[in-house]
Amino acid sequence: MPIRRPPPRRTPAGADRGAHAPWMVLAVSLLLTVAATLALDAATRDRERMRFENAVEAAVDRIDGRLEVYLTTLRGGAALFAASDSVTPEEFRAYAERLEVQRRFPGVQGIGWTRRLAVGLPGPVDERHAIVYLEPLDRRNRAALGFDMYSEPVRREAMARARDTGEPALSGKVTLRQEIYGRRQAGFLLYLPVYRGDRVPATVEARRDSLLGFVYSPFRADDLFAGIFGSEAAPRVRFRVYDSTGTRPEALLHASPRPPGHEPAFTATRTLQVAGHPWTVAVASQPAFEAGSTRAVVPALALGGVLVSGLLFALTRAQAHRRIAAEEANRAKSEFLATMSHELRTPLNAVLGHLQLLEMEIHGPLVDPQREALGRIGAASRHLRGLIEEVLSFAKLEAGRIEVRIAPADLCALASEVAAVIEPLAAEKALAFRIEACEGADAVPTDADKVRQIVINLAGNAVKFTERGEVRIQVEVRGGEVAIAVADTGPGISSRDQARLFRPFEQLQSGFSRSHEGTGLGLYLSGRYAALIGGRIEVESQPGRGSVFTLVLPVEGPELSEDGRGAAEEPVGDADAEPERSAQAGSS
């Protein structure tokens with residue numbers, strides 16, 4: 001018997017659409033969540049790539065800068081032989097001992113002199129050279145004395161290139177004559193030609209005719225790179241250096257250790273031209289670099305979007321927009337800092353290296369006007385380096401890579417140290433400078449380095465913006481706090497402008513002159529440092545009545561984790577930076 005079914009019930013069109021609406025909203029919101037997650041993943045990967053590129057550039061800069069310093073020592077030796085027809089072994093040894101080559105420049109085996117003995121000989125090896133001097137004259141270096149480097153093809157190519165161009169020349173990969181015991185390392189040599197007279201001849205023929213010999217340095221590659229990067233407890237990148245324009249295994253000069261089983265998230269290669277010779281540096285990220293990645297937030301964002309997509313649709317979209325904008329801003333900042341680091345630090349370090357050699361009178365004695373000129377050049381260079389360090393410290397602070405070291409500190413003695421730095425600056429402007437009576441602050445648990453930097457910044461600003469009157473520092477204990485006040489008789493600051501004091505890269509227009517130098521980061525960094533060590537900076541000022549900036553710290557010390565460290569991997573800036581530079585860098 002057939003079964004009779006009741007007719008289907010009809011649902012109103014509006015109700016049907018209402019039943020489907022939640023699913024439509026869910027579908028749209030899930031699609032948006034997926035899109036936002038993909039966009040964030042791409043932006044985060046771009047940011048990590050930029051961070052890695054910065055680390056690569058920093059490593060390459062360190063290699064390039066160290067070799068430039070070595071070349072500077074060779075120029076000093078070349079000047080020694082160009083200035084004298086006969087340099088005695090004792091004179092050369094005194095020059096090398098003054099340089100302290102192996103202590104100051106790890107990886108270099110010494111500095112030597114090879115003299116041309118014959119020229120125009122028949123056959124492919126048409127010259128004869130002998131290593132005459134090589135300091136320090138240790139067991140390894142003794143094994144190389146008398147060796148004719150021109151008889152070996154790789155060395156000969158570099159020597160001929162240096163001879164014909166008048167420029168320094170780096171050799172290819174060789175085994176040094178000094179490898180007489182222990183593990184043999186790949187090596188290379190750096191040559192600088194010396195000609196008769198005090199100038200490089202104008203033509204190739206004249207250079208060949210007037211060549212006396214070469215000042216040179218031999219290097220063991222592994223020792224060299226250990227000296228450049230060995231101080232890093234947890235390297236962020238590892239690298240392999242090849243003596244070629246590619247990465248042929250037989251051309252490998254040096255390879256830093258690779259953690260077992262680790263696959264790098266980022267790799268890159270750079271080609272360097274070192275004294276006319278190509279090197280290829282292959283760089284890969286290390287676990288210490290990848291531990292600082294922010295990509296872990298991507299799956300969390302995706303899961304959160306799935307769970308609350310219907311309720312937080314608008315919020316998710318706005319958050320994605322904000323994240324994209326923030327990533328763009330971070331990318332622009334990273335590009336700026338990378339460019340500045342590469343374009344400013346390397347040549348500035350070379351300038352300071354040359355200046356140090358001049359001040360050491362390696363090229364000859366100096367007269368008083370020359371010393372005065374070198375002093376001004378050094379002050380200007382250190383000031384510029386201070387500005388660069390401030391911007392880089394800002395970047396590290398923003399990235400959260402800082403640490404706090406708490407120990408009992410004598411703040412009265414610290415104030416006297418600051419006075420020794422600031423008082424000469426005040427004297428130059430004919431300002432009175434004094435420290436008021438200080439007692440009871442001789443064992444305050446705090447980070448003395450950061451307190452010193454804060455007070456130097458505050459006192460430096462006070463001197464900078466005060467044209468007449470005085471600057472004074474007062475340390476006093478009040479209740480459970482200790483206050484370090486820096487007071488001046490400067491133009492003062494309005495209450496409206498006080499709200500802008502601790503913003504980064506900003507200088508006040510009213511009451512201050514833009515002619516004052518600075519990055520606008522001094523007070524911002526001081527405020528952030530104060531917060532890190534559990535303190536604060538108070539400001540009291542009125543236009544025309546001077547200003548008082550007070551660093552307030554807890555007498556019992558800040559609350560930190562059990563190991564006494566902040567939540568960071570490395571300190572901001574250079575904790576051992578010379579006070580003179582820090583005072584110059586302080587800016588509001």
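Modeller: Before we start, two strands count as paired if DSSP finds at least two bridges between them, and please keep in mind that this is a predicted model.

Colleague: What is the order of the strands in the open sheet, and which of them stand at the edges?
Modeller: The sheet has four strands with antiparallel pairing, in the order β7-β6-β9-β8. From one strand to the next, the twist averages 20°. Two strands have a single partner each, so one side of each is left without a neighbour in the sheet, and these edge strands are β7 (252–255) and β8 (267–274).

Colleague: How many bridges join β8 to β9?
Modeller: The hairpin of these strands has two residues between them, and A275 takes a positive phi near 50° there. Across the pair, T271 stands opposite T280 in β9. The strands β8 and β9 run antiparallel, and the bridges that join them number eight.

Colleague: How many of the residues of β9 are buried?
Modeller: In a regular strand the side chains alternate between the two faces of the sheet. On one side of β9 we find H277, W279, V281, V283 and S285, and on the other P278, T280, A282 and A284, with both faces covered. The strand is largely enclosed by the rest of the structure, because its buried residues number nine of the nine.

Colleague: Which strands does helix α7 lie across, and at about what angle does the helix run to β7?
Modeller: Helix α7, made of residues 221–229, lies across β6, β7 and β9. Its direction relative to β7 is given by an angle of about 40°.

Colleague: Why is the pair of F225 and F239 edge-to-face?
Modeller: A pair of aromatic rings is described by the distance of the centres and the angle of the planes. Here the centres are 5.8 Å apart and the planes stand at 70°, while the cut-off for this class is an angle over 60 degrees. The angle lies over that cut-off, so the pair of F225 and F239 is edge-to-face.

Conventions:
Residues numbered from 1 in each chain as written. Predicted model: local features only at pLDDT ≥ 70, side-chain atom pairs only at ≥ 80, totals over all residues. Heavy atoms only, no water. Axes fitted to C-alpha atoms, helices over the stretch in contact; angles between N-to-C directions. Contact = heavy atoms within 4.5 Å. Buried < 20%, exposed > 50% of the residue type's maximum accessible area, 1.4 Å probe, protein only. Phe/Tyr/Trp six-rings, centres within 6.5 Å; stacked < 30°, edge-to-face > 60°.
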